Amino acid sequence: MKLYYSPGSCALAPHIVLREAGLPFEPVKVSLDVHKLDDGSDYRAINPLGYVPVLELDDGARLREGLAIVQYIADQAPQKNLAPANGTLARYRLQEWLGFIATEIHAVFVPLFSDDTPESFKAAIRTKLRSRFEWIDGQLAGHPHLNGPAFSVADAYLFAVAAWSDYVHVDLAGLASLQAWRDRVAARPAVQQALQLEES
């Protein structure tokens with residue numbers, strides 16, 4: 001398999017999950033500024049929408065959306081318990097978390113990265129994100145992970161997008177359960193490996 005990624009993007013989530021699953025894959029770096037691969041080829045030939053992640057399977061089929069990609073990876077290595085079994089309530093709880101992270105965290109961050117977003121609107125976005133992270137902090141109180149006792153693909157996804165807080169000045173001070181969770185996730189060997197590759 002090939003994972004098309006860009007450092008600092010939400011593609012960190014499937015990158016972490018692939019390493020947690022222990023599946024062989026080739027990371028392929030994408031420059032999102034110019035939509036080019038390191039060999040100079042046009043990334044839009046891989047994904048016409050121009051964004052990451054994309055997971056290319058061994059047969060050449062491609063998955064484009066992070067929520068689908070992380071669940072696909074988890075299902076290829078069920079013994080790793082990165083996602084509950086399909087059809088169970090626990091799986092729907094996982095999908096509930098993934099949907100929340102995608103719509104209430106990930107999508108809300110996006111305008112903060114644009115120079116065209118007025119500062120007054122950015123302030124309102126930061127306030128909204130703070131309130132969402134406060135809610136997550138409450139959910140994590142007394143719990144090691146988002147979806148139960150075991151690390152899951154939802155943890156990988158939230159870890160990837162929560163990291164953006166440091167770059168766009170979303171205040172997470174005082175959220176002790178969230179910070180403890182971030183520290184636990186950051187210490188995982190698969191997360192360290194993914195971060196090291198993306199920072200190289």
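Me: Which residues of helix H7 are buried?
Reply: This is a predicted model, and in it helix H7 covers residues 176–186. A residue is called buried when its relative accessible area is under 20%. In helix H7 the buried residues are Leu178, Trp181, Arg182 and Val185.

Me: Within what arc do the buried residues of H7 fall, seen down the axis?
Reply: An α-helix has 3.6 residues a turn, so residues three or four places apart point the same way. The buried residues of H7 line one face of the helix, because, seen down its axis, they fall within an arc of 100°.

Me: Which helices are included in what covers the buried residues of H7?
Reply: The cover is judged by contact, which means heavy atoms within 4.5 Å. By that criterion, what covers the buried residues of H7 includes helix H4 (119–140), helix H5 (153–162), helix H6 (165–168) and helix H8 (189–199).

Me: Which residues of H8 are buried, and within what arc do they fall?
Reply: The buried residues of H8 are Ala190, Val191, Ala194 and Glu198. They line one face of the helix, because, seen down the axis of H8, they fall within an arc of 100°.

Me: Which residues are exposed on the other side of H8?
Reply: To count as exposed, a residue needs a relative accessible area over 50%. On the other side of H8, the exposed residues are Pro189, Gln196 and Glu199.

Me: What covers the buried residues of H8?
Reply: The cover includes both a strand and helices. Among them are strand S1 (2–5), helix H1 (12–21), H5 and H7.

Me: How many of the residues of H5 are buried?
Reply: The buried residues of H5 include Asp155 and Tyr157 as well as Val153, Leu158 and Phe159. The helix is mostly covered, and the number of its residues that are buried is 10 of 10.

Me: How many helices and strands are there in the chain?
Reply: From the N terminus on, the elements run β-α-β-β-β-β-α-α-α-α-α-α-α. Counted over the chain, there are 8 helices and 5 strands.

Me: What radius of gyration does the chain have, and why does it agree with a compact globule?
Reply: The C-alpha trace spans about 45 × 45 × 30 Å along its principal axes, and buried residues make up 44% of the 200 residues in the chain. A compact globule with 200 residues would have a radius of gyration near 16 Å, which agrees with the value for the chain, 17 Å.

Note on methods. Residues are numbered from 1 along each chain as its sequence is written. This is a predicted model: local features need pLDDT of at least 70, side-chain atom pairs count only at pLDDT 80 or more; totals for chains, interfaces and linings use all residues. Side-chain values use heavy atoms; hydrogens and water are left out. Helices (H or I, at least four residues) and strands (E, at least two) are DSSP runs, numbered from the N terminus. The radius of gyration is taken over C-alpha atoms; the globule rule is 2.2 Å times the number of residues to the power 0.38. Buried means under 20% relative accessible area, exposed over 50%, partly exposed in between (1.4 Å probe, protein chains only). The arc is that of the directions from the helix axis to the C-beta atoms.
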